[in-house]
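Have the sequence and the 3D view open as you read.

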Amino acid sequence: MTIKDICASFRIDGRYVGCEELSTGNINCTYQVKFIRDGEEKNYIVQKINKTVFKEPEMVMDNIVRVTHHIRSNIIKKGLSTQKFVLRAFLAKDTDEPFFIDDAGDYWRCYRFIANSITYDSCEDLGIIERAGSAFGKFQKYLDGFDANSLNITIPDFHNTAKRYSALHAAVQDDKYKRVKSVKEEIDKLYAFELEACKLQKYLDEGSMPLRVTHNDTKCNNVSFDKTTGEALAVLDLDTVMPGAVAHDFGDAIRFIANTTLEDDPNVEDVSLDIDKYQAFTKGFITELKGTLTELEKQTMNLGVFAMTVELAVRFLTDYISGDKYFKTKYPGHNVDRARNQIALAEDIIKKRGQMDAILEKYI
Ligand code: GN1
Ligand code: MG
């Protein structure tokens with residue numbers, strides 16, 4: 001089936017003009033589709049959901065529909081535009097489900113592309129970074145009152161750092177692709193981080209921290225911005241919305257946005273934590289959530305930055321050792337470069353922890 005056929009299966013009007021594949025995501029296949037309706041250009045995002053990663057796409061879409069419904073009602077209460085500030089999934093014509101299953105059994109979905117919006121894979125503008133922080137903070141605020149336990153667990157133990165380490169240990173043991181020898185140094189570095197990186201999970205296991213509705217993939221390119229005004233609009237990519245710790249969202253966001261280079265830059269000398277970017281995001285995020293955080297949540301925020309950085313390094317390296325089956329890769333060794341990059345970032349986070357704590361203290 002062509003993308004045009006897929007589009008024809010959804011309740012969207014207008015004339016199909018063309019599509020372009022977007023290459024930023026590491027998991028799903030994403031296309032931006034152009035339509036013309038009443039002489040006006042309308043854009044949509046059409047995605048094929050990765051079934052290896054998301055074993056039950058219906059559950060993913062069920063979470064997304066319920067979460068966006070809750071956000072939408074809060075946005076309406078505030079008198080804000082639902083066209084701009086919340087994602088909308090279209091229904092399939094035949095089933096009225098928010099997905100379409102093609103002949104090959106693959107799941108597709110279709111979102112509105114927010115008019116005049118843009119996303120940033122990297123960003124130097126501290127104003128934009130602060131507004132990304134506010135957007136993710138607001139996302140949590142809008143979902144306050146939504147029962148986290150009612151969400152489907154679409155990827156079990158997604159941010160369970162200890163389980164991610166167990167998978168690494170098992171992959172190293174197995175060494176199916178005989179790749180362990182080439183990444184000995186990286187493995188040793190990650191093993192040295194293990195105790196500290198798993199502390200956050202320990203608090204969660206003990207039940208000392210509240211489980212909130214978290215986004216769990218808070219990369220800055222998952223917030224859309226108005227191209228003209230720079231205003232933060234909707235939070236995107238809600239695939240991994242599940243119960244989690246607030247420090248997961250904070251940590252994952254910082255490791256992405258405050259890295260001085262892209263997360264897969266092979267030149268590790270270019271990797272460090274930009275403290276100004278850290279400050280900008282922290283200001284936006286914490287200002288939204290101030291007053292709602294428990295003592296332990298405040299204390300573990302920067303631990304989350306370290307844990308999420310190390311956890312992703314563990315995931316990239318595990319995937320490399322296990323034959324590159326999970327993340328999309330652009331060249332052999334891509335996952336090793338990604339892991340090295342995150343390890344270098346974790347090393348710099350350790351060095352800058354004092355500075356980070358002082359900044360956090362200021363806003364919290
Ligand atoms: C994947 O493909 P994307 O950008 O949505 C991954 C995240 C990682 C991220 C690293 C479901 O996200 O957990 O942090 O790559 N998503 C999943 O770039 O595993
Ligand atoms: Mg994602």
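The magnesium ion (ligand 2) is coordinated by Asp217 (OD) and Asp237 (OD), at 2.0 to 2.3 Å. Donors here are N, O and S atoms within 2.8 Å of the metal (3.2 Å for Na, K and Ca), and water is not among the atoms, so sites may look incomplete. Asp217 lies in the loop between β7 (212–214) and β8 (223–226), and Asp237 in the loop between β9 (232–235) and β10 (242–244), so the pair ties together parts that are 20 residues apart in sequence. Strands (E, at least two residues) and helices (H or I, at least four) are DSSP runs, numbered from the N terminus.

A word on the source: this is a predicted model, in which local features need pLDDT of at least 70 and side-chain atom pairs count only at pLDDT 80 or more, while totals for chains, interfaces and linings use all residues. Residues are numbered from 1 along each chain as its sequence is written, chains are lettered from A and ligands numbered from 1 in the order in which they are written, and side-chain values use heavy atoms, with hydrogens and water left out.

**Around the ligands**

Asp237 also faces the other ligand: one of its polar side-chain atoms lies 2.8 Å from an oxygen atom of ligand 1. Asp237 itself is partly exposed, with a relative accessible area of 24%. On this scale buried means under 20% relative accessible area, exposed over 50%, and partly exposed in between (1.4 Å probe, protein chains only). The table sets out polar contacts of ligand 1, a polar contact being a pair of N or O atoms within 3.5 Å; within protein, one must be able to donate a hydrogen and the other to accept it, and residues adjacent in sequence count only if both atoms are side-chain atoms.

| Residue (polar side-chain atom) | Distance to an oxygen atom of ligand 1 |
|---|---|
| Asp237 | 2.8 Å |
| Glu263 | 2.4 Å |
| Arg315 | 2.7 Å |

The protein covers 94% of the 440 Å² of accessible area that ligand 1 has on its own; such areas come from the Shrake-Rupley method with a 1.4 Å probe, and for residues only the protein chains shown count as cover. In total, 16 residues surround ligand 1, and the closest are Asn26, Lys219, Glu263, Arg315 and Tyr326. Being near means that a heavy atom of the residue lies within 4 Å of the molecule or strand.

Is His215 buried or exposed? At 0% relative accessibility, His215 counts as buried. His215 is found in the loop between β7 and β8. Its side chain reaches the backbone nitrogen of Asp217 at 3.1 Å, and a polar atom of that side chain lies 2.8 Å from the backbone oxygen of Leu236.

**The sheets**

An open sheet of 5 strands has the order β1-β2-β3-β5-β4, with antiparallel pairing. Two strands pair if DSSP finds at least two bridges between them. At the edges stand β1 and β4 (100–101), each with a single partner strand, so one side of each is left without a neighbour in the sheet.

Strand β1 (residues 15–22) is joined to β2 (residues 29–37) by 7 bridges, and Glu20 has Gln32 as its bridge partner in β2. These two strands form a hairpin with 6 residues between them. Next, β2 pairs with β3 (residues 40–48) over 9 bridges, including the one from Phe35 to Lys42. That hairpin has 2 residues between its strands, and Asp38 in the turn has a positive phi of about 50°.

Further along, 5 bridges join β3 to β5, with Ile45 partnered by Tyr111. β4 and β5 pair over 2 bridges, and in their hairpin, with 5 residues between the strands, Gly105 takes a positive phi near 85°.

Which residues cover the two faces of β5 (residues 107–112)? Tyr107, Arg109 and Tyr111 lie on one side and Trp108, Cys110 and Arg112 on the other, and all are buried.

Another open sheet has 3 strands in the order β6-β8-β9, with antiparallel pairing. Its edge strands are β6 (117–118) and β9. In β8, Phe225 is the bridge partner of Ile118.

**Cysteines**

The structure holds 0 disulfides, a disulfide being a pair of cysteine sulfur atoms within 2.5 Å. For Cys19, the nearest cysteine sulfur, that of Cys7, is 7.4 Å away. Cys19 is partly exposed, at 36% relative accessible area. Cys220 is buried, at 1%, and its sulfur is 5.5 Å from the closest cysteine sulfur, in Cys123, too far for a bond.
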